[in-house]
Amino acid sequence: MRKQRIRILTALLICCMACTLSPAAEAKEAYGYKIRIFAGDEGTIDGGSEMIVYDDLEYGEEIYFDYTRRVQALDRGRYYAKGLRESGTDTSTVIEAKVRAGRESGGMEISPSITVTGDRDYVVAYGAFGSSVAYTVRYEDSTGNELAPAETYYGNIGDQPVIAFLYIENYLPQAYNLTGELQSEAEENVFTFVYSPISRRAAEAAEQAAEAARASASRGTEGNTAGQEAAAQAAATEAAAEAEGTQVPDLQSIDDEETPLSNMGLDEDVSSEIQDFAKLLLDIPIAAKAGILSIAVLLTAGIVFLLKRRKRKTDYAK
């Protein structure tokens, strides 16, 4: 009887311990990670902040930080934002290193972002202007109409900047980010985002997703208003893509021949000559056009007659 009581007490004790440990395990699973990004000594973020915080993050979540637009170098004549590096590491940037790895492996599936694997601190990496060159970012629809003003930035020849898309309501970009190696001629450094209109159903889904993201007040509570809005826009874009049944690639390169995202057209002089010739043809009077057409028909008929005559002579000789 005594042994039976001991067994019962032992079982109850084990149950109590299990109940005590369960909340701790759940709390560990629900732990929110924190990513801090420091502007460093050479610049500021969002017009004056020295640091921004992404809080209450889930493990494996992706953080997109648009350093091109959000970082302002204090001495813009000497320095420019080049990417991010983990605090305490060398100057190789997180984003640029991932992009280069993707290009060298033959694929662009690597996302130019920070993957949350724990509490981390990052610092903006700056480059010093040497052989600087301008590059232009355009935002157009499929017919070439401008949806937002073009933007111009500067980097060094050989850099591979990663440019994030600009959120345009009721449209989807062909990629979230564009990249490419900067060439010595500025006219070759054109990054064009091509947007497609979305349906009303997708627009409603995007609006709902954006509102839900903005309501998440725990994210970026330390002066990261721009980060909250960027997260809301990213959520809206993803929701619209899902509603449309399409998948927007994380990254595309303008260096890929199959991706016509740069100045891939004819040379300006050649294009101008073609346009002038076409205009000249349109300006010719109708009577002259009829005469030209008649001459073309007669020439064609003459060539056919000569070819047939030559063939007959060859057959006769045989």
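# Exercises on a predicted protein model

Among contacts in the protein between residues at least 6 apart in sequence, 67% join residues at least 24 apart; contact means heavy atoms within 4.5 Å. This is a predicted model, in which local features need pLDDT of at least 70, side-chain atom pairs count only at pLDDT 80 or more, and totals for chains, interfaces and linings use all residues. Residues are numbered from 1 along each chain as its sequence is written, and side-chain values use heavy atoms, with hydrogens and water left out.

## Exercise 1: Overview

Task: State how many helices and strands there are in the protein, and what percentage of the residues is buried.

Solution: 
- Step 1. The protein has seven helices and 15 strands. Helices (H or I, at least four residues) and strands (E, at least two) are DSSP runs, numbered from the N terminus.
- Step 2. Of the 318 residues, 32% are buried. Buried means under 20% relative accessible area, exposed over 50%, and partly exposed in between (1.4 Å probe, protein chains only).

## Exercise 2: Arg36 and its surroundings

Task: Locate Arg36, classify its accessibility and list what it touches.

Solution: 
- Step 1. Arg36 belongs to strand E1, residues 33-38.
- Step 2. Its relative accessibility is 30%, so Arg36 counts as partly exposed.
- Step 3. Leaving out residues up to four places away in sequence, Arg36 touches Met51, Ile52, Val53, Arg120, Asp121 and Tyr122.
- Step 4. With Asp121, Arg36 makes a side-chain to side-chain polar contact of 2.7 Å. A polar contact is a pair of N or O atoms within 3.5 Å; within protein, one must be able to donate a hydrogen and the other to accept it, and residues adjacent in sequence count only if both atoms are side-chain atoms.
- Step 5. Arg36 and Arg120 are 84 residues apart along the chain, and their C-alpha atoms are separated by 6.5 Å.
- Step 6. Tyr122, also touched by Arg36, is in strand E8, residues 120-128. At 6% relative accessibility, Tyr122 is buried.

## Exercise 3: Two loop residues

Task: Is Thr143 buried or exposed, and which side chains does its own side chain contact? Then describe Gly88.

Solution: 
- Step 1. Thr143 sits in the loop between strand E9 (132-141) and strand E10 (146-156).
- Step 2. A relative accessible area of 61% makes Thr143 exposed.
- Step 3. The Thr143 side chain forms a polar contact of 2.9 Å with the side chain of Asp141, and one of 2.9 Å with the side chain of Asn145.
- Step 4. Gly88 lies in the loop between strand E6 (79-86) and helix H3 (94-104). With a relative accessible area of 76%, Gly88 is exposed.
- Step 5. The C-alpha atoms of Gly88 and Val123 are 9.0 Å apart, with the residues 35 apart along the chain.

## Exercise 4: Helices H4 and H5

Task: Describe how H4 and H5 pack, then examine Thr237 in H5.

Solution: 
- Step 1. Helix H4 (residues 200-214) and helix H5 (residues 225-244) pack at an angle of about 150°, and their axes are 7 Å apart. Axes are lines fitted to C-alpha atoms, for helices over the stretch in contact, and angles run from 0 to 180 degrees between N-to-C directions.
- Step 2. H4 is therefore roughly antiparallel to H5 (under 35 degrees is roughly parallel, over 145 roughly antiparallel, 65 to 115 roughly perpendicular, the rest oblique).
- Step 3. Thr237 lies in helix H5 and is buried, with a relative accessible area of 2%.
- Step 4. A polar atom of the Thr237 side chain lies 2.9 Å from the backbone oxygen of Gln233.
- Step 5. Beyond its neighbours within four places in sequence, Thr237 is in contact with Phe165, Tyr167, Leu172, Pro173 and Tyr176.
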